[in-house]
Amino acid sequence: MPWQRTVESLMTREVLTTPATEPLVSALETMANERVRHVLVTDADGKLCGILSNRDVARATLTNPEHRLDIYGTTLAQVMTRDPITISAKAPLADAARLMLENHFNALPALDDQGQLAGILTSDDLLYAVVQAGPLRSPQL
Amino acid sequence: MLSVSDLTVADVMTANPVSLRPDATLADASAALLNKRLTCAPVIGADDSPLTVVSTSDLLRAYSAAGQDCARVAQQGIATAVQQVPVAVEPTLALTEACERMVRARTHQLLVVDGGRLVGVLSTTDVVRAVACIDDLRKSGRFKAGEVTRTNDAT
């Protein structure tokens, strides 16, 4: 079973990041083109400073006057979730699952020993690991 | 000036969504969600009435609790894993009201029900698509209410 595996054994290492100063449309294009639900956001030093999810966009639309959201004039910094919860790349998958379930997240940025962004782990990744690890009688993935 | 306020749930929902039957196992649900890149799927009865929703989080919670015994748990029925009470809306509901219910319920998906039958799902991805699409169409001057393109891909 996969729960003792480390986050880094499963995470996606080629992480899509966008600077916080970029307009929202950049992140939406990334989400659409790459078929991802989350975009990691970086500050001027290239360090992780936020995460943008579908739900952030829905929430921003609601809070904007008359429910209009200018995706060209709104920056990621205005919409993203700041200082996202992260996990060590060395942590076991069991810890990642617990963090996601407790906080209602579907993605966790993973950091290396130096605190640098090393990858991203999603709930899909975890589910895939479980299915691959066990003799689950199910249609072929 | 066009805004999301002009839209209803029916304008942007995913019609004919991937769904599961009540006798599906956790393994069936896992395969369906992963294959279709979905975060959750409605469970419907023989008359297409919505019963509940099973999500990736539901499955992970069950597998995580099972520890080394995932293979056995995977053969259990999905009813053993489902925790969330589904939030249902009508297709004529304003999209903004649907978004508010979504945020309030901390869910990524609403069931769209008409006359007791499941007719679609509304996900946060559908909302994002609508927000992006509206702006592009407004700038090009081509938008008419109800013309927002909906694709049936995974959410």
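Reader: Which helices and strands do the buried residues of helix 2 of chain B pack against?

Author: This is a predicted model, in which local features need pLDDT of at least 70 and side-chain atom pairs count only at pLDDT 80 or more, while totals for chains, interfaces and linings use all residues. Residues are numbered from 1 along each chain as its sequence is written, and chains are lettered from A and ligands numbered from 1 in the order in which they are written.

The buried residues of helix 2 of chain B pack against strand 2 (40-44), strand 3 (50-55), helix 3 (56-66) and helix 4 (70-74) of chain B, together with helix 5 (123-133) of chain A. Here helices (H or I, at least four residues) and strands (E, at least two) are DSSP runs, numbered from the N terminus, and two residues are in contact if their C-beta atoms, placed from the backbone, lie within 7 Å.

Helix 2 of chain B covers residues 26-36, and eight of its eleven residues are buried, which leaves the helix mostly covered. A residue is buried if 20 or more other C-beta atoms lie within 10 Å of its own, exposed if 12 or fewer, and partly exposed in between, with the C-beta atoms placed from the backbone. The buried residues of this helix are B:Leu26, B:Ala27, B:Asp28, B:Ala29, B:Ser30, B:Ala31, B:Leu33 and B:Leu34. Just after helix 2 of chain B comes B:Arg37, whose phi is positive, at about 55°.

Of the 155 residues of chain B, 47% count as buried, and among the contacts in chain B with a separation of 6 or more, 62% come from residues 24 or more positions apart.

Chain A, which supplies one of the packing partners named above, also holds an open sheet of three strands in the order 5-6-7, with mixed pairing. Strand 5 (87-88) and strand 7 (117-122) of chain A stand at its edges, each with a single partner strand, so one side of each has no neighbour in the sheet. Two strands pair if DSSP finds at least two bridges between them, and strand 6 (residues 107-111) of chain A is joined to strand 7 of chain A by five bridges, the two running antiparallel. A:Leu111 stands opposite A:Leu117 in strand 7 of chain A.
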